Amino acid sequence: AADFALSISGGVATVASTPTGITKTSQSIWVLDLNISGTANGSETLTVNPAAGNVIYDAAGNAASNSQSNNTVSLTEKVLPTVTAVTSTTSNGSYKQGETIAITIGFSEVVNVTGTPQLTLETGGSDAVVNYSSGTGSNTLTFNYTIGAGHTSSDLDYKATSSLALNGGTIKDAALNAATLTLASPGASNSLGDSKALIVDTSVPTINGVSLNSANSQLTVTFAEGVYDTDGGSGDLEAADFSLSI
């Protein structure tokens, strides 16, 4: 191994100047073990030369040249993709059963997806497990959440920092580095709950009670929650919204 000298230019990784080991495949092919420090970003150029002092010769006794032309190679990028933020392209507001909320997960670099990764959301008594929908070949993956029966949340968020799971699939960058799937803590900066105000409400409004004035001319109706006569809470009730019988 000491017959070779190594150096790196560019990038952020460094290399020990002497290989840590050597293996002969044939008399003309030698495999050198490297000691790389730091995380290679792919812009490093590794150069190998015969060590100083003319220590490498051919069978005729010719010393190996110290002016090589095919003695460099680029290091493989080893920077792992990481999650930068979770948000949604769906507008803030309240959503009911059957409606869909598009949740997006941003990564630090372009990633490619195989299979069907999943994201687990905190939705009350039963958590929603949402399948990956689209985004491979970009740095943003989309998970379309269709609200199910009984789901509820006053501020929709994923369940935990480990809520993004591969489910037998993969999320990797172009250099085939597997992504780190750790999410920000729910409610913390860059979480879904922090970036958006999405309410999941599948409860059907019910009447809590009624009371009649002494003249039998007015009936007061109290609901369990605020109610409106148009979808989305944009209009007050009208008399025609009620049906009475005796």
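User: Which strand gives the most to the nonpolar patch?

Analyst: Strand β19 (residues 207–212) gives the most, with three residues. Strands here are DSSP runs of E of at least two residues, numbered from the N terminus. This is a predicted model, in which local features need pLDDT of at least 70 and side-chain atom pairs count only at pLDDT 80 or more, while totals for chains, interfaces and linings use all residues. Residues are numbered from 1 along each chain as its sequence is written, and side-chain values use heavy atoms, with hydrogens and water left out.

User: What makes the nonpolar surface patch?

Analyst: The patch of about 680 Å² is made by Ile207, Val210, Leu212, Leu219, Leu237, Phe242 and Leu244. Patch residues have over 30% relative accessible area and no salt bridge, and nonpolar side chains (Val, Leu, Ile, Met, Phe, Trp, Tyr) are joined within 5 Å, like charges within 9 Å. A salt bridge is a side-chain nitrogen of Lys or Arg within 4 Å of a carboxyl oxygen of Asp or Glu.

User: Why does Ile207 count as partly exposed?

Analyst: Ile207, found in strand β19, has 49% relative accessibility. Buried means under 20%, exposed over 50% and partly exposed in between, with a 1.4 Å probe and protein chains only; Ile207 is therefore partly exposed.

User: Why is the pair of Tyr132 and Phe143 called edge-to-face?

Analyst: The structure holds two aromatic pairs. In the pair of Tyr132 and Phe143, the centres are 6.0 Å apart and the planes are at 75°. Rings of Phe, Tyr and Trp (its six-membered ring) pair if their centres lie within 6.5 Å; planes under 30 degrees apart count as stacked, over 60 as edge-to-face and the rest as tilted. The pair is therefore edge-to-face. Tyr132 lies in strand β12 (residues 128–134) and Phe143 in strand β13 (residues 138–146), 11 residues apart.

User: Why do Tyr132 and Phe143 count as buried?

Analyst: Tyr132 has a relative accessible area of 15%, so Tyr132 is buried. Phe143, at 1%, is buried as well.

User: What makes the pair of Phe223 and Phe242 tilted?

Analyst: The pair of Phe223 and Phe242 has 6.3 Å centre to centre and 50° between the planes, and is thus tilted. Phe223 is in strand β20 (residues 219–223), and Phe242 is in the segment after β20. Phe223, at 24%, is partly exposed, and Phe242, at 38%, is also partly exposed.

How values were computed:
Areas by Shrake-Rupley, 256 points an atom, 1.4 Å probe, with all protein chains shown as cover. Helix = DSSP H or I, 4+ residues; strand = E, 2+ residues; numbered from the N terminus.
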